[in-house]
Amino acid sequence: MEKFTRLTATACPLPLAGIDTDQLAPARFLKRKRSEGYGPVLLCDLRGAPGFPLDDPRYAGARILAARRNFGGGSSREAAVYALVDYGIRCVVAPSFGDIFASNAVGNGLLPAVVSEADAEAILHMLEAFTPSLTIDLEACRISAQGASWPFAIDPVWREKLLQGWDDIDLTLSRQGEIDAFALRYRTEHAFAWI
Amino acid sequence: MPRTLFEKIWQLHEILRRPDGQSLLWIDRHYVHEGSHVAFAQLEARCAAVAYPNLCIAVADHYAPTRPGPVAPEIAEMAARLTHNSGVHGIRLSCWDAPDQGIVHVIGPERGLTLPGLIVVCGDSHTSTHGALGAIGFGIGASEVAHVLMTQTLWQKRPKLMRVTVEGTLGPGIGAKDLALCIITQLGADGGRGFAIEYAGPAVRALSMEGRLTLCNLTIECGARCGMVAPDEMTFAYLRGRPHAPQRFEAACESWAKLPSDSGAEFHREITLNAADIAPIVTWGTSPEDALPITGNVPDPARIENPVRAAHAREAAAYMGLHPGQKLVGITVDRVFIGSCTNSRIEDLRAAAAILAGRRAVIPGLVSPGSAQVKRQAEQEGLANIFTDAGLEWGNSGCSLCVGMNGDLVQPGQRCASTTNRNFRGRQGPGARTHLMSPAMAAAAALTGRLTDVREIKPGRI
């Protein structure tokens with residue numbers, strides 16, 4: 001997994017609440033294999049509408065999105081994260097995220113940065129009115145643009161995982177001995193839990 | 001020290017805990033559906049095997065055709081991939097035509113695969129459903145599906161605990177769907193984030209197993225990790241005799257009886273509702289939190305103080321083709337859908353049939369039972385005939401019009417009275433407008449072609 005430390009890039013404002021995973025990656029595209037790429041799928045039912053920010057040349061090549069509350073709620077489809085990552089997004093800034101989405105995001109090197117509702121509005125305003133660019137500093141957990149700066153929150157374990165570029169499966173397989181010992185004991189003590 | 005139901009199950013499954021607080025958990029049941037193809041591709045890339053194929057159960061539901069006849073090649077391909085992956089890895093599979101096929105969250109409890117005290121995962125957010133049996137059930141992404149396939153474990157941070165207590169008794173015609181939507185509206189679509197919810201109180205205990213499954217199913221719509229109801233005599237009676245129920249059943253019941261939260265166990269947050277205050281609920285907007293009693297009106301954004309919330313209300317009403325202040329009763333509906341992992345069990349079908357019996361629907365609709373077994377039972381009970389006599393279509397089981405993957409879609413701009421779980425923009429098809437409600441309310445809408453207060457409709461002639 002690609003490490004995430006600091007990123008200065010074009011940031012696109014999406015002043016919408018509740019951008020759910022059905023919108024990020026509509027159901028009809030979930031037949032795609034991962035290798036086919038999900039970039040063109042991203043928010044495709046919203047794109048093309050007049051004035052939709054992602055189509056605005058000011059925000060072309062965006063690697064950061066800023067949105068309102070409950071980003072990525074709903075379905076557990078990891079395709080929502082693939083769509084963002086394949087489009088080029090490495091960080092989403094919002095006041096709250098869907099739980100499963102955020103976990104999927106971190107597993108794919110995408111940073112879900114949680115800011116207060118007031119700071120989210122300030123960041124959206126900054127991107128719309130002043131500069132289409134943000135700096136995300138994961139070490140310091142801060143977002144900055146044009147001399148202004150806002151803190152963001154992320155679970156410390158997720159922060160470490162993004163900073164180090166950890167892969168969960170390799171980490172788990174290094175504990176195989178403990179898993180096997182547990183399984184043996186558990187199977188004896190909780191026979192009804194087995195099929 | 002007194003412990004909660006959640007803590008007891010969590011501790012039983014904790015293989016190890018890292019200093020940073022992450023726990024490696026043992027997973028008892030892993031359900032996979034057609035969407036698992038991305039995860040199996042990850043296994044293939046690593047030349048990895050499935051660690052415990054006997055604890056993995058495959059079922060084809062997301063793309064399952066609801067109607068007989070030819071299937072589009074790209075849909076058939078999804079079943080073929082699941083069949084191939086199950087075969088390669090030695091996983092038991094119920095494909096579309098199997099007698100035990102159904103929606104994964106219906107067949108898990110129905111076959112006695114989901115049991116109290118287990119940890120259950122699936123690459124589907126509505127895995128919270130399984131908590132109704134006193135299990136921890138939660139949805140995971142494709143990479144986590146691959147992780148469980150390879151290791152039978154998952155890294156998790158322990159969530160905070162919330163108890164939602166419902167006092168009193170639900171009124172006539174009001175069920176688990178109304179209760180769940182009411183809770184989501186109170187908490188907000190992200191208000192449960194970071195929590196595991198335990199439902200308690202007399203109104204919850206009084207729910208049937210089907211009702212508890214509906215309640216836990218919708219827990220994900222307030223953003224919580226999982227929802228649970230403590231196992232009791234009703235749970236044991238439901239499980240007794242099911243195909244995969246433990247052979248030493250009484251011994252299992254004895255150990256399950258120790259699972260409920262101890263008195264004095266502490267929760268990080270407590271919420272109490274009075275069941276008597278709950279009316280039949282419908283959604284008016286594009287999030288399950290956009291829900292109101294059927295007697296209400298579409299909110300007026302001008303009266304919402306928070307500008308972000310006001311903007312959402314304006315955009316949601318515009319998408320739904322509604323105007324501020326419009327009465328919910330009487331909104332014209334184009335079609336009805338009764339089904340999905342939320343409301344497709346036998347009790348749901350009985351509730352809808354009780355309204356429709358001996359009457360004709362004035363709009364088209366589809367009824368999709370939750371499993372092949374529910375379908376057989378509904379046909380034996382005469383419910384299927386009630387639906388078809390009313391002019392509704394009686395289909396096969398699957399996710400169908402809840403997620404629109406199998407080709408069942410609501411047309412752009414059409415309005416659907418739906419017993420499903422998400423009224424997101426485009427969920428039932430691009431431009432589709434979804435109103436969530438209970439099976440009885442959907443049946444009432446079918447009779448009138450409008451959003452209708454089911455309390456004003458007398459049960460039909462059976």
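Is the crossing of α12(B) and α15(B) right-handed or left-handed? In this predicted model, the crossing of the two helices is right-handed. Helix α12 covers residues 346-356 of chain B and helix α15 covers residues 439-448 of chain B; their axes come within 8 Å and cross at roughly 30°. Angles under 35 degrees count as roughly parallel, and α12(B) and α15(B) are therefore roughly parallel to each other. From α12(B), the contact is made by B:D348, B:A351, B:A352, B:I355 and B:L356. The residues that α15(B) brings to this contact are B:P439, B:A440, B:A442, B:A443, B:A444, B:A446 and B:L447. By class, the contact of α12(B) with α15(B) has 11 nonpolar residues and 1 charged residue, with no polar residue.

Chain B as a whole is divided into two parts, domain 1 spanning 5-271 and domain 2 spanning 282-454. Taken over C-alpha atoms, the centres of domain 1 of chain B and domain 2 of chain B are separated by 24 Å. The contact between them takes 36 residues from domain 1 of chain B and 37 residues from domain 2 of chain B. On the side of domain 1 of chain B that touches domain 2 of chain B, at least two residues each are supplied by α4 (104-110), α6 (176-187) and α8 (209-217) of chain B. The largest share of that side, 5 residues, comes from α6(B). The residues on this side of domain 1 of chain B divide into 14 nonpolar, 14 polar and 8 charged.

Chain B also touches chain A, in a contact that takes 52 residues from chain B and 43 residues from chain A. Several helices and strands of chain B each supply at least two residues of the side that touches chain A. The strands are β1 (14-17), β2 (22-26) and β8 (153-157) of chain B. The helices are α2 (37-46), α3 (73-89), α5 (142-151) and α11 (307-320) of chain B. Of these elements, α5(B) gives the largest share of the side of chain B that touches chain A, with 5 residues. This side of chain B is made up of 22 nonpolar, 18 polar and 12 charged residues.

Chain A has 195 residues, of which 47% count as buried. Along its principal axes, the C-alpha trace of chain A spans about 65 × 40 × 25 Å. The secondary structure of chain A comes to 7 helices and 7 strands. Read from the N terminus on, the elements of chain A follow the order β-α-β-α-β-α-β-α-β-β-β-α-α-α. Among the contacts in chain A with a separation of 6 or more, 71% are accounted for by residues 24 or more positions apart.

Within chain A, A:T8 lies in strand β1, which covers residues 6-14. A:T8 has 14 C-beta neighbours inside 10 Å and therefore counts as partly exposed; a residue is exposed at 12 or fewer such neighbours and buried at 20 or more. Leaving aside residues up to four places away in sequence, A:T8 touches A:S133 and A:T135. A:V106 is 98 residues from A:T8 along the chain, and the C-alpha atoms of A:T8 and A:V106 are separated by 19 Å.

Notes. Residues are numbered from 1 along each chain as its sequence is written. Chains are lettered from A and ligands numbered from 1 in the order in which they are written. This is a predicted model: local features need pLDDT of at least 70, side-chain atom pairs count only at pLDDT 80 or more; totals for chains, interfaces and linings use all residues. Domain bounds come from an automatic or database domain assignment. Two residues are in contact if their C-beta atoms, placed from the backbone, lie within 7 Å. Helices (H or I, at least four residues) and strands (E, at least two) are DSSP runs, numbered from the N terminus. Ala, Val, Leu, Ile, Met, Phe, Trp, Tyr, Cys and Pro count as nonpolar, Asp, Glu, Lys and Arg as charged, and the others, Gly among them, as polar. Axes are lines fitted to C-alpha atoms, for helices over the stretch in contact, and angles run from 0 to 180 degrees between N-to-C directions. Angles under 35 degrees count as roughly parallel, over 145 as roughly antiparallel, 65 to 115 as roughly perpendicular and the rest as oblique. A crossing is left-handed if the near helix is turned anticlockwise from the far one by less than a right angle, and right-handed if clockwise.
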